[in-house]
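Here are a few friendly notes on the aromatic side chains and their surroundings. Please have the model open as you read.

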Amino acid sequence: MLTFIIPYAFVNYYPAAYLLNKNETSSYLYLGAPAIGIVMFIIAYLFWFTGIRSYKGTGS
């Protein structure tokens with residue numbers, strides 16, 4: 001689930017497994033880490049910007 005639905009594992013697990021020479025994982029999944037990180041940053045930024053745009057303040 002953390003690899004393909006919410007790509008959280010791409011950020012830490014696959015690059016670390018590659019650097020530690022763990023052969024349990026696919027040897028090419030670590031290459032997707034920078035691209036997935038950038039895509040997730042853009043999604044988070046757009047979500048944040050949408051929230052800021054609709055914020056009206058506390059009224060005090």
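1. Let's begin with Phe41 and Tyr45: both lie in helix 2, 4 residues apart, about one turn of the helix. Helices here are DSSP runs of H or I with at least four residues, numbered from the N terminus. Please keep in mind that this is a predicted model, where local features need pLDDT of at least 70, side-chain atom pairs count only at pLDDT 80 or more, and totals for chains, interfaces and linings use all residues. Residues are numbered from 1 along each chain as its sequence is written, and side-chain values use heavy atoms, with hydrogens and water left out.

2. Searching the whole structure gives 2 aromatic pairs (Phe, Tyr or six-membered Trp rings with centres within 6.5 Å; stacked under 30 degrees between planes, edge-to-face over 60, tilted for the rest). Phe41 and Tyr45 make a stacked pair, at 6.5 Å centre to centre and 20 degrees between the planes.

3. Tyr45 is also 4 residues from Phe49 in helix 2, about one helical turn. Their ring centres are 6.2 Å apart and the planes meet at 15 degrees, so this pair is stacked too.

4. How exposed is Phe41? Its relative accessibility is 58%, so Phe41 counts as exposed, while Tyr45 at 46% is partly exposed and Phe49 at 41% is partly exposed. The cut-offs are under 20% relative accessible area for buried, over 50% for exposed and partly exposed in between, with a 1.4 Å probe and protein chains only.

Key: Helix = DSSP H or I, 4+ residues; strand = E, 2+ residues; numbered from the N terminus.
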